[in-house]
Amino acid sequence: MHWYYQLLANYPSVVICSVLVIAGTGIVISFTANEVPDFSDPQLGFESRGTEIAGRLKAWDNLIEETRPSGCLTTNPGDIDVENMVKKRRRKPKKKPNSKSSNHVVSRALRTTDDRNSTWGRMVAAPDNNSESVGEISKEIWRDLLHFRNFGFNTENREEEEYFCDVPRLDYSHVILEKKTSMETILSLGSLKEICFLDNSLRSQSVFHDHCITPHQTDTCCKSWHLANYLAFFVGKESCDNLTENDLELFQDILSRCFKAPDTADCSADDDIGCMRSLCPSAIAIEHIKDFLIDAQSLRNVKEHLGHIVIHYTGIYLPMGKSSSLTTYYDHLTIPKLNTLEVVAYDFGIKFEVFNAQLKQDLNLLLIGGALVGLCIFLFFQSIFATVSVLLSVVISLGMAYFFYFFVFKIRSFPFVNVLALVIALGIGVDDAFVYFHHWQRAKLQLDGSPLAAVVAKALGTTAVSMFVTSLTTSAACFASYLSDVTALKAFGVFTGTAILFNYFIVVTWLPATIAVIEKFPRVISKFKVPNIFTLFQKLQVPVFFMYFNLFSYCLIIFFLGLSVLSAYFVFYDPKLTLPTEKDFKLFENYHPFERYTDLKTKFLAGVSKEETIVLPLRFVFGVSPIDNGNFLDPLSSGNLVLKEEFNASSEAVQIWVLDFCRKLRRQNFTDLTNTQIYKNCFMDSLLAFMERPCLDPVTGTDRSPCCQNSTFPYLPQVFDFCLAESAKVTILPMFNTGFIHAGPRFRRKDKKLVAFIIEYDSIYNFTSSFVEMDTFYNQVENWFTNEIQTAPSSFNGFFVSYLEFYDLQLSLSHGTMISVVTTLVICFCILLLCTRNISVSFCAALVTFTIVTTTFATLIKMGWELNVLESASISLAVGLSMDYTLHYSVAWSASDEKSVKSVFKAVGPPIFVAALTTVSPSLVMMYSSVLVYRKIGIFILIITTSSLICSCSFLLPLLRLLSQINFSWSCWSSFVKCFSARKVNSQFYLSVPTECHVLSLNSSSTCINTYPVIASNIEMETLSHI
């Protein structure tokens, strides 16, 4: 490496320019050939890939996608004949257009006496109501169509719609209000007037009119849905501005009477609305008030006590749909201060858009944190040029990692969890800069008067291994995240690990060249005389530390051992790091209105009904391979559908097994048979019913053979294939609000061959974010299906699938995180063992690392953290970050001849202290961010850095002192070490360094006379012999 030291010393500008050109080219290409990372969907990549359940889910999605009209499969072979007929018609030459007006076309389409069914469903032009060419029947029908809304509601609902333009829906933007004191009720005249005032304020925004819905042929926005307006509706007033106490008393009387109606009406309990109509006027409007404007707890209290109505929460539904275009309205939104009420939550459908904008806006906090780091660097280096160079090295490492991320690794998605790499690269890059410059100063003192190449060789040869070890352990922790099944964690591991490795490359090239430029051109690169942080630290902190260290050395060992055990109890036993309990990833703090809405929406019946009625379906797919052949690093890559070539459902053995399987499934205690008569859940039952028809059509006399009652079950394969296709043509699967039932056969379009089928029933379970409940559901069904499929004919197989996306993510986070942590611990321990070549020192360092990690996450658990994607990335990263300071002390101790804690602390303590200070500075600034991910990153970095600094100084050093006192050391492969450590003496290039001046003996008060020649390549072996 002699040539490299000479290059850094003699041609530093060449090295700097080369790095700038290479890195600048890569960064420019990265940001010009790719779009800037977009975090409009921050949950992109928060899914499992590569697991058994993920393969099933992707296969299911691909099956549904291929069943669409544009896909290669169909549920009805008759559609293929229709498509072929349409294609033939398109080939015919077009006829000349009819000279008749479009109004006559409309008239024919709407005329009820027309027998041509093909006209129905055709897009036609709207007739002019003033046109004389349109018949009276056509006008009347068209007028009914224009006013036809919400089929099935009575005239009461039409009156409500005429007053409000529509009924309240969750699709409209709305805010939630809470009363400030428990002694008050929202149903008071003062609170209702405040609601009216707030509504007017929300509607007074300049852009409100651009987004609101308006009545027919008017430009006035519709009224908002809230209690004050409903009061005005019931008392017959056009506005809520002039309400009186008499109006309120009438409204309370109506509400009390209507709330009691289901309990006092003499009718069946399943006809709740019918019961209410017998005693309550405008029952539908009251139902809307109960569902959307009064919280469920208040309704229960009214029903139990039948007394005064006390409302805790209410809402205001604005007449504008939730949309991403409302960001402008949100930016201009001002919430007035109210006396009795408080706006605690709102939903405009722009949560992700606001998060994306806030994420970019809060990057300014990173700039402030970088400025604080730059100030610490300047106080240490006392040079603006060096400060800018160190900060620029971090930017270069991130830019090159971004280039490799897209163009070498070819990863197209950039999850927002990657922003964690910004703080990691900033902390590690600055740490290495401090360590190198500190040893540069010591080498310069020891080799006073020697050529610059000798100083570079001594400083870089001493620190290169230490910096490489810390970078390697942290990058290994990041790359271990690639073992996770979560796409976002894989991408995070690749990007962050690459950035750390590039940072090391920049530190050993860019940084030495920068210091060499400062030394070669001291007059050009000016230095400022400011108080040095290291000097202040050594004068103030070092004496205090050693006084405290000498007094409490053994007490510290006992204390941290107890802390380690207690923290491990918190992390692994109780309360331990739990899995996420919410499907939606939190983007803001809990007090933010967007996040509070997630919690408060379930307090209303409308929100509860939407969240708690998602039934978990039992879907059993046959004929499809549960394979995810997409790119696991690209959330948008779902792969292709893979059908089983050996699939054959027409054999008699398979027919018998499928029919028996459906009957057994219906008898299971986890199957809900409520909708069995409505949906064609099992196609074999539909086929049997279809085959029971007479062989001779009683109307047309058509012979239906062989698809009739003359065929007996099990059917011949050719009969089964033909009749199943015929039955599929007449089987209609209805669409309901609960979702589409996907059960039934799937035919290939090109040859109408049966290639797959689905058997689907509802389960008795509802979807929940609770891992325990979902795990019970999955294991119960999966175990039963596994036992059943073993009785199926050979080469016939299938799989079970349901709404398991979130459950699979929870499962991957729990298992994948532990695998990443164990892998990282093993790798880091091996690296530590190779560097120290001492089992006892390595064991002490591993024990301290374990204490740092468990203490950190015990603190985070007490702060309410759950094991989500960001937390999983932090756990994997924590092992690598917690070893940085411990590694510096361990390597220094192993290389020290004195085995003195004091000498090791004087050498490594100052740079570690300043490195911790610079790492903590940006984390403190990020805690002021409104974006939860930034705050969590700041909290995590703050805790892990503080724990590492305290434990490495107050736990590791006492352990090392104890080892030296009892003379306990397990050296590894001693014979090899002796051979490897033998110094190669070269009369021309060998550099003899006295013990008191060795770079790691750290006797800073010693003086050395420069009588040494230039260091050549043998300096590497000399350095390694001590490291």
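Mentor: Begin with a term: a salt bridge is a side-chain nitrogen of Lys or Arg within 4 Å of a carboxyl oxygen of Asp or Glu. Keep in mind that this is a predicted model.

Trainee: How many salt bridges does a search of the whole structure find?
Mentor: Side chains of opposite charge can pair when their charged atoms come close. Searching the whole structure for such pairs gives a count of 23 salt bridges.

Trainee: Which residue forms a salt bridge with Lys 237?
Mentor: Lys 237 sits in the loop between helix H10 (227-235) and helix H11 (245-259), and its partner is in helix H11, so the pair ties together parts that are ten residues apart in sequence. The closest N and O atoms of the pair are 2.5 Å apart, and the partner is Asp 247.

Trainee: Is Asp 247 buried or partly exposed?
Mentor: Buried means under 20% relative accessible area. Asp 247 has 11% relative accessibility, so Asp 247 counts as buried.

Trainee: How far apart are the closest N and O atoms in the salt bridge of Arg 704 with Asp 697?
Mentor: Asp 697 has 18% relative accessibility and therefore counts as buried. In its salt bridge with Arg 704, the distance between the closest N and O atoms is 3.2 Å.

Trainee: Asp 751 forms a salt bridge with which residue?
Mentor: Asp 751 is partly exposed, with a relative accessible area of 39%. The closest N and O atoms are 3.2 Å apart, and the partner is Arg 748.

Trainee: Which residues are linked with Glu 47 in a network of salt bridges?
Mentor: Here the salt bridges join into a network. Linked with Glu 47 in it are Arg 49, Lys 58 and Asp 628.

Trainee: How many of the residues of H34 are buried?
Mentor: H34 is mostly covered. Of its 35 residues, the number buried is 26.

Trainee: How far apart in space are Ser 13 and Ala 513, C-alpha to C-alpha?
Mentor: Ser 13 belongs to helix H2 (residues 12-33) and is partly exposed, with a relative accessible area of 43%. Ser 13 and Ala 513 are 500 residues apart in sequence, but in space their C-alpha to C-alpha distance is 7.1 Å.

Terms used. Residues numbered from 1 in each chain as written. Predicted model: local features only at pLDDT ≥ 70, side-chain atom pairs only at ≥ 80, totals over all residues. Heavy atoms only, no water. Helix = DSSP H or I, 4+ residues; strand = E, 2+ residues; numbered from the N terminus. Buried < 20%, exposed > 50% of the residue type's maximum accessible area, 1.4 Å probe, protein only.
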